[in-house]
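Subject: Structure handover

Hello,

The structure we discussed is below, followed by notes on what was found in it. Please keep it open while you read.

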Amino acid sequence: MLVDIKQRSTTVFTPKHEKSIAVLPFGNLSPDPADEYFADGLTDELITDLSPICTLHVIARASMMRFKRSGKDPLIVARELNVRYVLDGSVRRSGSSLRLTVRLIDAAADVTIWSDKLGGSVEDVFAMQEQVSRTIVEQLRLKLSPEEGRRLAERPIDDLRAYETYLQARQLMWTIEASALERARQLLTNALDLVGENSLLLSTLGWVHLFLLETGQAELTQQLEAADPLLRRLLDVYPLTFVNHGWVGYLEWQQGRYSIALPHFRRAYELEPNVPVIAWSYACGLASAGMKEEACSVVDRMSNDLLATPFGKLVIFLKHALRGEEKAALASVTPEFIAFARTQTFASRDLAGYYGMIGHVDEGLDWLETAIDLGYINYPFLAFHHPFYNALREHPRFSKVIERIKPRWEAFEA
């Protein structure tokens with residue numbers, strides 16, 4: 001939602017990147033509050049449109065969503081994120097009509113350099129999105145390569161029904177909550193039924209499967225391996241899609257093939273370094289391959305906004321554990337994150353290994369028990385492949401703990 005900028009004298013603001021932008025979460029002015037997914041989706045899609053432009057530094061979605069409904073002055077946001085430009089706006093949808101209000105602010109000069117009101121039908125959303133992206137490119141005087149220009153005009157999902165279904169699924173996916181993820185999976189399946197095989201839908205479905213696995217939906221474990229050939233096909237067709245590389249890397253990593261996983265993690269990070277799960281995956285991949293200081297450097301390069309996310313908290317602990325910094329590792333875990341980790345298998349599973357690395361083996365095994373209680377059953381990964389479990393595996397209690405899940409794993413495989 002647009003926030004008024006009041007005239008005031010401020011200190012000179014010099015952003016780190018001259019060509020840098022933050023897209024604030026669009027406000028939902030629709031009569032139906034349930035249409036919020038549409039406003040969030042438009043925010044995400046504009047970030048996605050702008051991010052591949054090599055001459056523009058774009059703040060990732062994970063950092064921006066914390067400003068949703070914050071009411072913060074865009075100029076303050078710009079200073080917090082160290083960017084020169086801020087885009088904010090609102091969406092109003094009523095029946096088949098759609099109205100989009102946007103404003104582009106130069107925070108360094110404290111002026112609005114472009115604003116507009118775009119109206120039309122819901123079917124015009126793709127054209128509106130492209131118009132906003134191209135206007136930003138023009139106002140910032142960016143030079144696009146032919147490939148970048150083609151991408152701005154690209155519509156990954158042409159069918160409006162499928163597109164709306166995708167937006168609903170993506171909003172649900174980012175909650176990382178089991179029932180919402182299951183609903184997201186069904187929505188994406190519905191969208192695929194409408195349009196057939198589609199890279200964006202399939203890659204998003206892959207992430208939903210990953211998050212379902214990590215929240216204890218164990219019936220999807222076997223589907224990870226089944227997805228492998230499909231994801232490799234996607235890499236051949238869409239080699240510049242970071243989620244595809246991250247997904248393949250994670251499959252290899254869970255099976256202990258660290259040297260094969262690392263190039264995929266690295267490529268995903270090169271394509272999109274500002275997504276917390278990608279930075280965490282790359283750091284884990286480096287550490288698994290014995291490149292400890294390189295892993296710590298990834299953490300050191302992460303912004304404070306990224307480090308404040310759950311994946312950011314995990315990677316801070318990992319960095320201190322890799323360096324043997326026991327006190328710093330323990331100090332990095334806040335009570336809020338502990339409460340979160342007790343509800344999520346991916347966090348409790350990996351905290352188990354990190355605690356073991358700093359000599360707190362019993363506490364690590366307690367976290368392993370938590371992951372198993374939450375439904376984690378991947379016996380081979382815990383018993384043989386998890387790269388940070390060496391200290392846990394040497395403890396007599398470890399075999400007793402994972403024996404709890406061995407029958408469940410074997411029954412599942414049968």
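N82 sits in the loop between α3 (74-81) and β4 (85-94). Please keep in mind throughout that this is a predicted model. N82 has a positive phi of about 60°, although it is not a glycine. As background, most residues other than glycine have a negative phi. With a relative accessible area of 27%, N82 is partly exposed, because that value falls between the 20% and 50% cut-offs.

D110 also has a positive phi of about 60° and is not a glycine. Its place is the loop between β5 (97-106) and β6 (111-121). D110 counts as buried because its relative accessibility is 17%, which is under the 20% limit.

E130 belongs to helix α4 (residues 125-139). Its relative accessible area is 19%, so E130 is classed as buried. Setting aside neighbours within four places in sequence, E130 is in contact with L152 and A153.

N378 is in the loop between α19 (361-373) and α20 (379-385). N378 is buried, at a relative accessible area of 7%. Residues up to four places away in sequence not counted, N378 touches T221, Q254, I405 and W409. Between the C-alpha atoms of N378 and H209 there are 15 Å, while the two residues are 169 residues apart along the chain.

Now the core. The largest nonpolar core has 133 residues, and within it F26, L87 and L368 touch the most other members. The element that gives the most to this core is helix α12 (residues 276-288), with 9 residues.

Next, one helix pair. Two packed helices are described by the angle between their axes and the distance between the axes. For helix α13 (residues 292-301) and helix α15 (residues 310-322), the angle is about 145° and the axes are 9 Å apart. The crossing of α13 and α15 is left-handed. On the α13 side, the residues that meet α15 are K292, A295, C296, V299 and D300; on the α15 side they are V315, I316, K319 and L322. By type, the residues of this contact divide into 6 nonpolar, no polar and 3 charged.

Finally, the aromatic residues. The structure holds 15 aromatic pairs. One of these is Y250 with W253, a tilted pair at 6.0 Å centre to centre, with 35° between the planes. Both Y250 and W253 lie in helix α10 (residues 242-254), 3 residues apart, about one turn of the helix. Y250 and W253 are both buried.

What kind of pair do the rings of Y389 and F398 form? Their centres are 6.3 Å apart and their planes stand at 85°, so the pair is edge-to-face; planes over 60 degrees apart fall in that class. Y389 is buried, with a relative accessible area of 0%. F398 counts as buried too, at 5% relative accessibility.

Which residues do ring pairs link into a cluster? They are W280, F311, F337, F340 and F346.

Regards

How values were computed. Residues numbered from 1 in each chain as written. Predicted model: local features only at pLDDT ≥ 70, side-chain atom pairs only at ≥ 80, totals over all residues. Heavy atoms only, no water. Core = buried A, V, L, I, M, F, W, Y, C linked by side-chain atoms within 4.5 Å. Buried < 20%, exposed > 50% of the residue type's maximum accessible area, 1.4 Å probe, protein only. Helix = DSSP H or I, 4+ residues; strand = E, 2+ residues; numbered from the N terminus. Axes fitted to C-alpha atoms, helices over the stretch in contact; angles between N-to-C directions. Left-handed = near helix turned anticlockwise from the far one by under 90°. Contact = heavy atoms within 4.5 Å. Nonpolar A, V, L, I, M, F, W, Y, C, P; charged D, E, K, R; others polar. Phe/Tyr/Trp six-rings, centres within 6.5 Å; stacked < 30°, edge-to-face > 60°.
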